[in-house]
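Here is a structure to read with some care, term by term.

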Amino acid sequence: MGLDNCYTLNDGNEIPVIGFGTWQMPNDEHTAEIVEYAIKNGYRHIDTAATYGNEESVGEGIKNSGVSREELFVTTKLWNDSHGYELAKKAIDESLERMQLDYFDLYLIHWPNPLSVRDHWQEANAEAWRAMEEAQAEGKIKSIGVSNFMKRHLDALLETAKVTPAVNQILLNPSEMQPETVAANKEHNILSEAYSPLGTGKIFEIEELNELAEKYDKTPAQVVLRWSLQHGFLPLPKTSTFERVKENADIFDFELSDEDMKKINQFEGKAGRMDNPDEKGF
Ligand code: NDP
């Protein structure tokens, strides 16, 4: 078991079990270097988004890694200004161009109900999804999915979707386990990707994690990422720090006991919760 291990998605495609997150990384040389470094150190799965503004640098890092395209798994996401059929088609092509790629392994609707379409988000998602299904048929995208969708958003999409989403990328860590959404994902065989697996850094405020880390001779980050994997989630840790790139991937040589998994489940709420997408101002 290692970084090249994969889950099989509901469309038959394989997805490496850990992804390298890139939110809040600027569009600069350091980002290109850390992405290249991550790939050279075994990561095979990179997660970005149009709204992160760093698709060029992430693409640069991918190119500079020298690892062949087929060995890599690249995800990006449709931003809130492009929920519509023509707009989504254009957004896909623009992201491909920015990243200097011929195809994406995974393309996600980033947000279920942007403010600009909040009074007709169901229709806006259905139209964007239709464009994504077409792009998939054309080979521009291998797998299509969603992000930040709760059960009600999934149910609405499934009313018109020809292709079931392969992935739902949601906030998932010991402080926010989203049981209802995870259950809805499972019901449709949709993989739950865990974004902010370290709570964007807040998870380290949980004191008890240090004791567990000591017990397993691992770091708190490694314990939390291992917990995510053992739940069958796909964690997407982000780091801009070279030393942590390897640390966050070194989680395949130990196993948390059932008792400790349960203990970590009890950290619910201790390092922040998700915001309600219906109340977001974007
Ligand atoms: P994470 O939960 O991965 O936490 C990252 C933070 O933890 C950074 O401050 C980082 O610091 C720090 N950190 C990383 N590794 C360690 C370590 N080993 N020890 C101590 N500190 C560490 O944050 P994100 O919120 O960025 O989530 C991860 C990814 O998920 C994103 O980058 C993005 O790809 C995706 N995401 C998707 C969203 C969506 O709406 N679909 C929303 C949010 C995230 P430093 O970088 O300085 O090392």
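Q: Which residues touch the most other members of the largest nonpolar core?
A: Of the 81 residues in that core, they are Ile15 and Phe20, where a nonpolar core is a set of buried Ala, Val, Leu, Ile, Met, Phe, Trp, Tyr and Cys residues joined through side-chain atoms within 4.5 Å. This is a predicted model, in which local features need pLDDT of at least 70 and side-chain atom pairs pLDDT 80 or more, while totals for chains, interfaces and linings use all residues. Residues are numbered from 1 along each chain as its sequence is written, and side-chain values use heavy atoms, with hydrogens and water left out.

Q: Why is Tyr37 called partly exposed?
A: Its relative accessibility is 26%, and buried means under 20% relative accessible area, exposed over 50% and partly exposed in between (1.4 Å probe, protein chains only), so Tyr37 counts as partly exposed.

Q: What makes Tyr37 and Phe242 an edge-to-face aromatic pair?
A: Their ring centres are 4.9 Å apart, with 85 degrees between the planes, whereas rings of Phe, Tyr and Trp (its six-membered ring) pair if their centres lie within 6.5 Å, with planes under 30 degrees apart counted as stacked, over 60 as edge-to-face and the rest as tilted.

Q: How do you know that the charged end of Arg69 sits over the ring of Tyr103?
A: The distance to the ring centre is 3.9 Å, and the term asks for NZ of Lys or CZ of Arg within 6 Å of that centre and within 35 degrees of the ring normal. Arg130 likewise lies over the face of Tyr85, at 4.1 Å from the ring centre.
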